[in-house]
Amino acid sequence: VIAAPAIWLTIFFLVPLVVVFGISLATKQFGRPPYSPLLTTDEGKVQLTLHLSNYVRLFTDPLYVAAYLSSIRIALVATLITLVIGYPMAYAIARAPDKWRNILLMLVILPFWTSFLLRVYALSGFMRGNGVINQILGVFGIEPLVMMQTDFAVYVGIVYTYLPFMILPLYANLENPVTSLLEASADLGSRPWQTFLSVTLPLSLPGVVAGSMLVFIPAIGEFVIPSLLGGPGTQMIGRILWDEFFSKTNWPRAAALAITLLVIVVIPFML
């Protein structure tokens, strides 16, 4: 039973991780591959050369530090907004009649039927200067709002894109409540809101954690949404990693960025 996921984890995560970590310990050079070899041979001797300069640069250069902090801030705020919006939706779907439940779930996953890139482009059509929202505001004589190329647009894009990932785990957790506990709470005189705070909410915390992880982890490394909706001041680590890898062809530093991001994300969740 354990063999299948263990093999999958080894082939598609651990092996690439080791390769990327090895590249992060090299230095940039012109050629193919565009980084220095870790193992060299000289007169029959094998020499291992490791460089920590890429990691030192990440923690000393204000650009990278600001990008990491900005990524954590944007991902955390977007996750909280997604939770505030997604919890009532998941609760309403879980308490809806059976004949409506599947329809509501289909409406939640309906955006997945459209390309992710097209959905982000559609958001830009709504929020740009002459977009749908400003045209509607103009009918009522309201000045156009500046939404594109701001952190606000990035928050909207992340929340809109990852909202189903918050709703579905919460719905799975809220769908089958422990009826005996709800009845016991009511028999003891609790009001509905007291029952929710003392019974339903604590029981749904595993769904909250699962949904928050599914939103926070991809959001912190998001590249497409900040590139299409954010401005030059919206520095997220995904854009920096893209620039290092493709524009500057600095594979070792890009690999160090990826490894550091992985450590920042994985270790707190493991703890």
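I began at I158, which touches I74, A78, L163, A219 and I225 once residues up to four places away in sequence are set aside. I kept in mind throughout that this is a predicted model.

**Entry 1, the core.** I looked up where I158 belongs. It is among the residues with the most contacts inside the largest nonpolar core, together with M127, L170, L229, I237 and L257. That core has 48 residues. Helix α7, residues 151-174, gives the most to it, with 12 residues. A reminder to myself: in soluble globular proteins, nonpolar side chains tend to be buried together.

Next I went to helix α6, residues 132-139, where N134 lies. Is N134 buried or exposed? Its relative accessibility is 5%, under the 20% cut-off, so I noted N134 as buried. I then checked what its side chain meets: a polar atom there lies 3.0 Å from the backbone oxygen of G129. Beyond its neighbours within four places in sequence, N134 is in contact with M127, R128, G129, P144, L145 and M147. I was pleased to meet M127 again, as M127 is also one of the core residues with the most contacts.

I moved on to helix α10, residues 205-220, which holds S212. S212 has a relative accessible area of 17%, so it counts as buried too. Which backbone oxygen does the side chain of S212 reach? I found that of V208, at 2.7 Å. Leaving out residues up to four places away in sequence, S212 touches T79 and M166. I also looked at Y162: it is 50 residues from S212 in sequence, and their C-alpha atoms are 10.0 Å apart.

I checked the length of α1, residues 3-24. At 1.5 Å a residue, its 22 residues should span 32 Å, and the end C-alpha atoms are 30 Å apart, which agrees. I did find a bend of about 40° at T10. The buried residues of α1 are G22, I23 and S24.

Last, I stepped back. I counted 13 helices and 2 strands in the protein chain. Its radius of gyration is 24 Å, whereas a compact globule of 271 residues would have one near 18 Å. The C-alpha atoms fill a box of roughly 85 × 60 × 35 Å along the principal axes. I noted that 35% of the 271 residues count as buried. Of the contacts with a separation of 6 or more, 69% come from residues 24 or more positions apart.

Notes
Residues are numbered from 1 along each chain as its sequence is written. This is a predicted model: local features need pLDDT of at least 70, side-chain atom pairs count only at pLDDT 80 or more; totals for chains, interfaces and linings use all residues. Side-chain values use heavy atoms; hydrogens and water are left out. Helices (H or I, at least four residues) and strands (E, at least two) are DSSP runs, numbered from the N terminus. Buried means under 20% relative accessible area, exposed over 50%, partly exposed in between (1.4 Å probe, protein chains only). A polar contact is a pair of N or O atoms within 3.5 Å; within protein, one must be able to donate a hydrogen and the other to accept it, and residues adjacent in sequence count only if both atoms are side-chain atoms. Contact means heavy atoms within 4.5 Å. A nonpolar core is a set of buried Ala, Val, Leu, Ile, Met, Phe, Trp, Tyr and Cys residues joined through side-chain atoms within 4.5 Å. The expected span of a helix is 1.5 Å times one less than its number of residues. The bend at a residue is the angle between axes fitted to the seven residues ending there and the seven starting there. The radius of gyration is taken over C-alpha atoms; the globule rule is 2.2 Å times the number of residues to the power 0.38.
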